[in-house]
Amino acid sequence: MLAPLHIPQPGPARKIPGYQMPETTENLLSWDFVSKRMSASEFYWINTVFPDGRPHSVPLWGIWHEERFHCDGSIKTAWSQNLTQNPRIIVHTPDPNIVVIVHGIARFLEDDDLDDAGWDRLDRAYQEKYQ
């Protein structure tokens, strides 16, 4: 089964002289905003790291389903191979005007991670988006 999801509370960014960064949490965006933007995106950019430390970025189809990013692809792709060595990942929407960037730990789903109904919901969500 999937581990419980930890959604951190928003906090002000590190203050950098010359940048107008919020100093309180009053005007920060909600997780609901993040979830809606991630759900609405047609595709995503993912960022991984090669074993030698070089960054790797690639656009992918995917879905935001039940507060998690899901994508598929061959285990032979560079990004997939990178994630087998280092599961740290950044996923972001492509729109630079309303970008959402999510940092996390990637996990390859196993058959027993979801029950049949869960797999059906995931498959249906992917099919509805891309067919």
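This is a predicted model: local features need pLDDT of at least 70, side-chain atom pairs count only at pLDDT 80 or more; totals for chains, interfaces and linings use all residues.
**Stop 1: the whole chain**

Start with everything in view, as a cartoon. Follow the chain from the N terminus and the elements come in the order α-β-β-β-β-α-β-β-α. The C-alpha trace spans about 50 × 35 × 30 Å along its principal axes. Of the 131 residues in the protein, 26% are buried.

**Stop 2: helix 1**

Next, select residues 31-40, which form helix 1. Show the side chains of V34, S35 and M38: these three are buried. They lie on the same side of helix 1, because they cover an arc of only 95° around its axis. Now turn to the other side of the helix, where K36 and A40 are exposed.

**Stop 3: P55 in strand 2**

Move along to residues 55-60, which make up strand 2, and pick out P55. Is P55 buried or exposed? Its relative accessible area is 70%, so P55 is exposed, as the cut-off for that word is over 50%.

**Stop 4: T93 in a loop**

Now find the loop between strand 5 (88-92) and strand 6 (101-105), and select T93 there. How does T93 count in terms of accessibility? With a relative accessibility of 2%, T93 counts as buried, since buried means under 20%. From C-alpha to C-alpha, T93 and W64 are 11 Å apart in space, and 29 residues apart in sequence.

**Stop 5**

For the last stop, select D115, D116, D120 and D123 and switch to a surface view. Together these residues gather in a patch of negative charge on the surface. Then go back to the cartoon and look at D123, which sits in helix 3 (residues 116-130). How exposed is D123? Its relative accessible area is 44%, so D123 is partly exposed, a value in between the cut-offs of 20% for buried and 50% for exposed.

Methods
Residues are numbered from 1 along each chain as its sequence is written. Side-chain values use heavy atoms; hydrogens and water are left out. Patches are made of residues with over 30% relative accessible area and no salt bridge: like charges are joined within 9 Å, nonpolar side chains (Val, Leu, Ile, Met, Phe, Trp, Tyr) within 5 Å. Accessible areas come from the Shrake-Rupley method with a 1.4 Å probe; for residues, only the protein chains shown count as cover. A salt bridge is a side-chain nitrogen of Lys or Arg within 4 Å of a carboxyl oxygen of Asp or Glu. Lys and Arg count as positive and Asp and Glu as negative; His and the chain ends are not counted. The place of a charge is taken as NZ of Lys, CZ of Arg, CG of Asp or CD of Glu. Helices (H or I, at least four residues) and strands (E, at least two) are DSSP runs, numbered from the N terminus. Buried means under 20% relative accessible area, exposed over 50%, partly exposed in between (1.4 Å probe, protein chains only). The arc is that of the directions from the helix axis to the C-beta atoms.
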